[in-house]
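This briefing covers the inside space, the aromatic rings and the salt bridges of one protein model. Look at the sequence and structure first, then read the points below.

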Amino acid sequence: MDSPAIPEPMAGPGSTPVATHRARSRASDPGGADGSDLAGRARSWWALLPTPVRATLPLWLGSRVAVALLSLAAARALTTGPARSAPGLRTLWDRWDVGLFTKVARYGYLSPAYADRTEVDFPGLPIAIRLAHLVVRDWIAAGLVVSLLAGVVTVAALWQLAADEVGERDARVAVVGLICFPYAVFLFAAYSEGVFLAFATASWLAARRHRWWLAGLLGAGAASARISGVAFGVALAVQYVVGRRAAGRPVVAWPALSLALPPIPVVAYLCYLRVRTGGWGAYTDAMHDGWHRWTDWPWSGWAATWSSATDGNGASTFVWFFRGELLAVVVGVALTIALLVGRRWGEATFVGVMTTIMACTNYYASGIRAILVAFPLYLLFARVAARRSWVAPVYVCLCAPVMAAFVVAFTQGQWVD
């Protein structure tokens with residue numbers, strides 16, 4: 001016969017030591033029902049995220065925490081007054097063009113609330129800041145949130161673009177290349193580079209998948225953020241022709257109309273300025289009057305920038321800034337040539353046209369940030385690093401300290417670019 005079941009004593013005044021121990025263990029076990037449910041929900045939420053997001057989100061968020069801590073630590077170390085006077089995160093990141101973008105987000109263009117010639121800043125980022133402000137009531141914090149979220153999209157799309165070429169294991173190198181780029185400080189601050197990169201990389205990924213209407217729509221988002229969007233629209237057209245021919249499909253077809261989407265924000269913005277000012281030259285006038293820049297031959301801009309970069313009596317910050325601008329043009333030309341040799345026609349068009357735009361001015365400025373958004377650079381970096389394992393560590397060792405130094409300089413109010 002089967003032995004009768006012996007009931008387990010309850011944990012109470014008359015319970016045995018073994019039963020009492022079991023009851024206490026169940027009550028204090030963090031992996032019990034509630035803990036298991038919480039962990040299970042977290043795992044389920046994580047599993048729902050797309051693979052590129054799961055592959056890059058920890059790295060991106062970790063790098064953002066590191067940049068924030070670095071800026072705070074530098075502020076504490078460099079503040080000579082009372083401890084309570086050390087600036088907080090909001091103050092540290094309210095520098096230079098952040099204030100200009102914030103003014104546009106708050107008051108719009110050509111507002112009597114300020115005198116800055118903000119017409120040179122495209123409306124993509126100010127619109128995003130204004131939308132974020134519906135939830136985040138501080139304007140500077142809203143801009144930081146926009147850059148943070150834009151980066152989530154950028155690194156995920158960049159990872160996928162690289163994974164298509166070098167595999168998932170080596171794709172993270174492209175993301176590391178972006179995060180450690182010397183001027184990546186502008187991906188944390190509320191600058192337009194982050195928004196542009198989010199739209200541009202996602203658009204390029206859609207183009208790789210031959211989803212041309214989505215690519216065109218996202219390309220319009222990129223064009224709304226920076227003048228680099230003009231170069232990107234041209235590159236998207238080239239990529240369309242190359243992609244359709246490679247797939248054996250006719251170039252003149254219904255999807256070709258998607259290429260009309262990227263120019264729309266640029267045309268709309270110029271029309272808006274025309275209505276507000278009464279002239280079509282509002283953008284170039286603002287560039288001339290507010291920033292003393294105008295179109296010129298590349299060699300004239302090179303000569304003027306070279307003179308400023310080699311001026312031993314000039315302010316050190318700006319001398320090195322102009323040296324960086326010269327280097328940016330050189331990198332842009334070299335990268336264009338490398339992409340042409342690799343027969344990457346669309347990517348070469350983007351970098352080449354963008355380099356031409358930044359070189360055809362009376363002096364070079366913002367070219368460094370143009371190279372920052374040249375995402376083909378990071379894809380090339382991933383391809384090279386996949387073949388030569390020493391490239392990525394050397395890059396990080398050389399570039400990460402420079403990036404950290406520029407984070408400190410920017411948050412301390414020093415001119416970086």
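Which residues are linked in a network of salt bridges? They are Asp 164, Glu 165, Arg 208, Arg 209, Arg 344, Glu 347 and Arg 383. The model is predicted, so local features need pLDDT of at least 70 and side-chain atom pairs count only at pLDDT 80 or more, while totals for chains, interfaces and linings use all residues. Residues are numbered from 1 along each chain as its sequence is written, and side-chain values use heavy atoms, with hydrogens and water left out.

**Salt bridges**

- A salt bridge is a side-chain nitrogen of Lys or Arg within 4 Å of a carboxyl oxygen of Asp or Glu, and by this rule the count comes to 16.
- Arg 208 and Asp 164 meet in one of them, at 4.0 Å from N to O. This pair links distant parts of the chain, with Arg 208 in helix H9 and Asp 164 in helix H7, 44 residues apart. Helices (H or I, at least four residues) are DSSP runs, numbered from the N terminus.
- Arg 208 also forms a salt bridge with Glu 347, where the closest N and O atoms are 3.7 Å apart. Here Glu 347 is in helix H16 (residues 345-359) and Arg 208 in helix H9, 139 residues apart.
- Arg 208, at 23%, is partly exposed, and so is Asp 164, at 37%.
- Another salt bridge joins Arg 117 and Asp 289, with 3.5 Å between the closest N and O atoms. Arg 117 lies in the loop between helix H5 (97-107) and helix H6 (124-132) and Asp 289 in helix H13 (residues 282-291), so the pair ties together parts that are 172 residues apart in sequence.
- Arg 117 is partly exposed at 27%, and Asp 289 is partly exposed at 47%.

**Aromatic rings**

- Rings of Phe, Tyr and Trp (its six-membered ring) pair if their centres lie within 6.5 Å; planes under 30 degrees apart count as stacked, over 60 as edge-to-face and the rest as tilted. A search of the whole structure finds 33 such pairs.
- The ring centres of Phe 186 and Tyr 191 are 4.8 Å apart and the planes are at 50 degrees, so this pair is tilted. Phe 186 is buried, at 0% relative accessible area, and Tyr 191 is buried, also at 0%.
- Trp 297 and Trp 299 form a stacked pair, with 5.1 Å between centres and 5 degrees between planes. Both of these residues are exposed.
- Ring pairs link Trp 93, Phe 101, Phe 186, Phe 188, Tyr 191 and Phe 410 into a cluster.

**Charges over rings**

- A charge sits over a ring if NZ of Lys or CZ of Arg is within 6 Å of the ring centre and within 35 degrees of the ring normal.
- Arg 64 lies over the face of Trp 60, at 4.0 Å from the ring centre.
- The charged end of Arg 323 sits over the ring of Trp 320, at 4.4 Å from its centre.

Note on methods:
Buried means under 20% relative accessible area, exposed over 50%, partly exposed in between (1.4 Å probe, protein chains only). Helices (H or I, at least four residues) and strands (E, at least two) are DSSP runs, numbered from the N terminus.
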